[in-house]
Amino acid sequence: MSAHLSYGRVNLNILREAARKELREFLDKCAGSKAIVWDEYLTGPFGLIAQYSLLKEHEVEKMFTLKGGRLPAADVKNIIFFVRPRLELMDIIAENVISEDKMLSPRDFHILFVPRRSMLCEQRLKEQGVLGSFINIDEYILDLIPYDGDLLSMESEGAFRECYLESDQTSLYHTAKGLMTLQALYGTIPQIFGKGECARHVANMMLRMKREFAGSQTQILPVFDSLLLLDRNIDLLTPLATQLTYEGLIDEVYGITNGYAKLPPEKFAAQKKQGEVGKDLPTEPKKMQLNSAEELYAEIRDKNFNAIGAALSKKAKIISAAFEERHNAKTVGEIKQFVSQLPHMQAARSSLANHTSIAELIKDITTSEAFFDNLTVEQEFMTGVDTDKVNTYIEDCIAQKDPLIKILRLVCMQSVCNNGLKQKILDYYKREILQTYGYEHMLTLNNLEKTGLLKPQTSTRNNYPTIRKTLKLWMEDANEQNPNDISYVYSGYAPLSIRLTQVLARPGWRSIEEVLKMLPGPHFEERQQLPAGLHKKRQQGENRTTLVFFLGGVTYAEVAALRFLSQMEDGGTEYIIATTKLINGTSWIKSLMDRPEAP
Amino acid sequence: MLKESKRAVNSIRSLVEEEDEEDDVEKVSWSGEPVGSISWSVKETESSIRSTGEVRDQSFPKIHTAPSLPKNSSGYSLSSLFKGKAKTGSFQSFSESFGDPSIRNYAPELRKPKSEYKDYVSDWTPEETVKRMQQGKVYSLEKFRSLQDKLLLLDEAVNAHDGNVITAVLIYLKKSLSKEILFRELITREIALRHYIHYLKEIGEQKLLVELFKSMDRTEDMALMQYRDHLNVRDENKKRDFLKNCLSFPFSPDDATHVQDHYTLLERQIIIEANDKQVESSGQADIFKKYPRKASILNMPIITTLYYSCFYHYGESDGTFSSPANIRKTFRISDKQFLLTCLGARAKLKAWFDVDALFTTKNWLGYTKKRSPIGFHRIVDILQKNNAPVQVLQDYVNLVEDVEQKISLAQKYKCHDVIINTYRDLKDRQQLIVYRGKVERGSSEYRKIEEILSNSQLRWKN
């Protein structure tokens, strides 16, 4: 299940094993048969760490989702609640515990807080009179979760909002702790670079934590040569743009959550057995896991979508040819050989069928007029065309009541590319939005202004064009089929965050001091002392390994761009990517909206 | 290209019969989750218990999931507060060496403190205290007595960026300092202030919160924060009263207007809703019989409300709350928005006469002329989306000024007359001949073109 985590430059399976071990230890603390009651939100992130089989081995017999009322009957000795430390969840737990039937044989209750226990939550349980019912109250620190062979995520959706809107930097503290865990496993990272307020905080915390544990140096040869910490708010533009890689588009269109995408079932129905034709089509979405464990997916996910058709058809020919081989198999030995390869070939075929279907679904969208128009406007903004006027396309979209998030993405993009909108234009957009979508969205608009995504122009000077030119953010002749530059991931736009990463590796940030000053927050470099004897002796031509940490989220297209840089022949650097959460423009804006709480 | 790979896939499929779930292929349930994944298993064990008595489709089990819990925020929020009991440290260090971690692959020992130190010394510095709090060890805040010591402690907590610890210290300061002093000190400590605000909200100390904002001179924030709570008021009358109460809050001028509009709108919607519901059920008005209301108008945006008004209350006198004109005026709706909304509603009802009237203006000589604040090409699109007949469409296509655009629209919507007349006016015989080839032989369009082409009076340019 996790082999794909060990194939990369850095074996991330070690991290996963460490997390699994801790989970096992907790389960063993509660002796006897058990049922787990899940805060549903946690099942996704936990799925990246463990399967049901692991829990089963430790006598977990039943699993339920947390909800009010009485717990379902289950003949187990222990009931364990796996929950986030949230007050409203405590009330549900209390209800569960209170309605427990006293007549039945008593069950032991435990709570595992993820990622941290909380005094306030325990106080609430006390107020409800149930705190005494719990035998174990513990915490499970789930900081960095291995997401793929070169990708780590904290799966913390609210991180951007908390850091940049609510000034709650707790997630930065968790980031620093996660990085310390990482260093404990993979050795001290000798160089730390960073850009942005939050990056500075995280680096400070790391250095401080290191000082506090000065006596207990890890004796591990460093795996990472350097760490680059980047604030999301130094590059607000990239996530607003529509991602044009295969994986990015799957995320844009269907959303990828904890490594899974839910797809419309119709296209996949044909793959069911032929005898079942008469049956009704399934109505439940098809859930697919997307990671590098799937050979074909690993090959195509980072390509520009316009190159997917060719890639799939090439693959189809290879697979067809492999199946044709059976005609050439004459001897028993050859036939045996062919048969032994069948399972692998069948897996490859079914993978190809799935991705052909997904590509068709997405193609229907990318070839639509609406998609094209939207993309055209995005590209106009990114190249600086008419960013200081009311955009008629946005106006039309509002008049047609297109989804609000789409409107907000575009308006924010225009604002970012113009270094703020003229007051008159900003007011106009705001009025149109409030009248069409409801006055309550003034809260959301306020949030967008506080985070800088939307702002009135304060100076007449727009520095976006300077940044664009210096960092070559727009490449006219982006090659989508055989890319030679990262700009292929947005068909012309090179993500600012990744350009900064690229320039840092070569020729260094000193060459772009001017631009760095235009972006918010400080930029810095720190060195961490290595214990004697752990200095790496680099072989001639050996690549450096850099961990890039995106504070506040990263998009799949940015990940693709970094993978592209890793694979460049003369690149000299390989990247491992870490983030608080994988985001896209929609999920990002959504996290900044104020909406009624779920009933 | 996709077609090619699809074909290839299909051809391969016929070669080998479906045997997807072989032993070495990972088992996947229909919904796609690997059989055995946690969320799959939750659903499985749950459905086997909770579904008793219900008939279920065997192949696609519909699983009853819990009412969705709040999902939009990470677990690391302000609400996760500090740890109380002593516990093993959450930071870890290593004494063992693993050699090259990329080769060896086993579970290392995590989260075991190397040494418990200074556990019984009680004169911890702010730094040590904060560290102990983070590590979940025993600590005491009571020894920080002077204001200066307390503030040092707070600053240290803020430095650690750990929301749990910051809040814990704030709770102690709240207990041990007068609110005036605490408020004063928080002014210069933005992060601590944010946590304090969140904490007060969490425990429901609304009054103190208002005092805090007032003393900070951050009344706009306070107003917005209180306004936000309307989102969770469900009953419309209570929500209206809540909004009314908000009107007195010190919003920024812009926001104050928005809140006022929000209140006025809901107030009106409640009146309109009650009235229309009654009219609809009594069966008095044809419009409701013919087009029964699909949903209540309550809490809908103003533009939707205007559309509703143009649909059900068109032609009412300006004095009524529900008339389009009154709504337009009260909510200062722009000409463009008004026209678009009105047009949409009347076109939906196929009230072409009303549509016509929207654009008609009379000049002082009594001549009528059609005007629009929006390009007529967009009007045509909207009409077409509402299935306007060609006779109606062509009137508006004709009003498009740009000739090329006019012809392309006319071609798109098959307004033959417009095309034929335009080419005739352009004296473009060639184009007319080409167009003759596109229409059905013997149709009225065809005959019309023939007639024009044979007209010897016309002077063609080609």
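**Figure 1. A cis proline in a loop of chain A.** A:Pro507 sits in the loop of chain A that runs between helix H21 (496-505) and helix H22 (513-518). In this predicted model, the peptide bond that joins A:Arg506 and A:Pro507 is cis, with an omega of about 5°.

**Figure 2. A cis bond between A:Val114 and A:Pro115.** This view shows the peptide bond from A:Val114 to A:Pro115, which is cis and has an omega near 0°. A:Pro115 belongs to the loop that lies between strand S4 (108-113) and helix H5 (119-127) of chain A.

**Figure 3. Positive phi angles at A:Ser167 and A:Asp386.** Most residues other than glycine have a negative phi. A:Ser167 is found in the loop between helix H6 (159-165) and helix H7 (170-186) of chain A, while A:Asp386 lies in the loop between helix H15 (369-382) and H16 of chain A. With a relative accessible area of 17%, A:Ser167 falls under the 20% limit and therefore counts as buried. A:Asp386, in turn, has a relative accessible area of 41% and is partly exposed, because that value lies between the limits of 20% and 50%.

**Figure 4. Helix H17 of chain B and the elements around its buried residues.** Helix H17 of chain B covers residues 376-385, and its buried residues include B:Phe376, B:Ile379 and B:Leu383, together with the charged residue B:Arg378. The buried residues of this helix pack against helix H16 (392-399) of chain A, and also against several elements of chain B, among them helix H15 (335-348), strand S2 (368-370) and helix H19 (403-412). Just after H17 of chain B comes B:Asn387, whose phi is positive, at about 60°.

**Figure 5. A nonpolar surface patch on chain B.** B:Trp364, B:Leu365 and B:Tyr367 form a nonpolar patch on the surface, and together they have about 490 Å² of accessible area. B:Leu365 is located in the loop between strand S1 (360-362) and S2 of chain B. Its relative accessibility is 52%, and B:Leu365 therefore counts as exposed, since the limit for that class is over 50%.

**Figure 6. Helix H7 of chain B, with its length and its buried residues.** The helix takes in residues 190-202 of chain B, and its 13 residues, at 1.5 Å a residue, should span 18 Å; the end C-alpha atoms are 18 Å apart, so the model agrees with that expectation. Among the buried residues of H7 of chain B are B:Ile191, B:Leu193, B:His195, B:Tyr196 and B:Leu200. Just after this helix, B:Gly204 takes a positive phi of about 75°.

**Figure 7. A buried aspartate without a salt bridge, B:Asp428.** B:Asp428 is found in the loop between helix H20 (416-426) and helix H21 (429-438) of chain B. Although B:Asp428 is buried, it has no salt bridge, and the nearest side chain of opposite charge, that of B:Lys461, is 4.3 Å away. A salt bridge would need the charged atoms to be within 4 Å. When its neighbours within four places in sequence are left aside, B:Asp428 is in contact with B:Tyr423, B:Trp460, B:Lys461 and B:Asn462.

Note on methods. Residues numbered from 1 in each chain as written. Chains lettered and ligands numbered in written order. Predicted model: local features only at pLDDT ≥ 70, side-chain atom pairs only at ≥ 80, totals over all residues. Heavy atoms only, no water. Buried < 20%, exposed > 50% of the residue type's maximum accessible area, 1.4 Å probe, protein only. Helix = DSSP H or I, 4+ residues; strand = E, 2+ residues; numbered from the N terminus. Contact = heavy atoms within 4.5 Å. Patch = residues over 30% accessible without salt bridge, like charges linked within 9 Å, V, L, I, M, F, W, Y side chains within 5 Å. Areas by Shrake-Rupley, 256 points an atom, 1.4 Å probe, with all protein chains shown as cover. Expected span 1.5 Å × (residues − 1).
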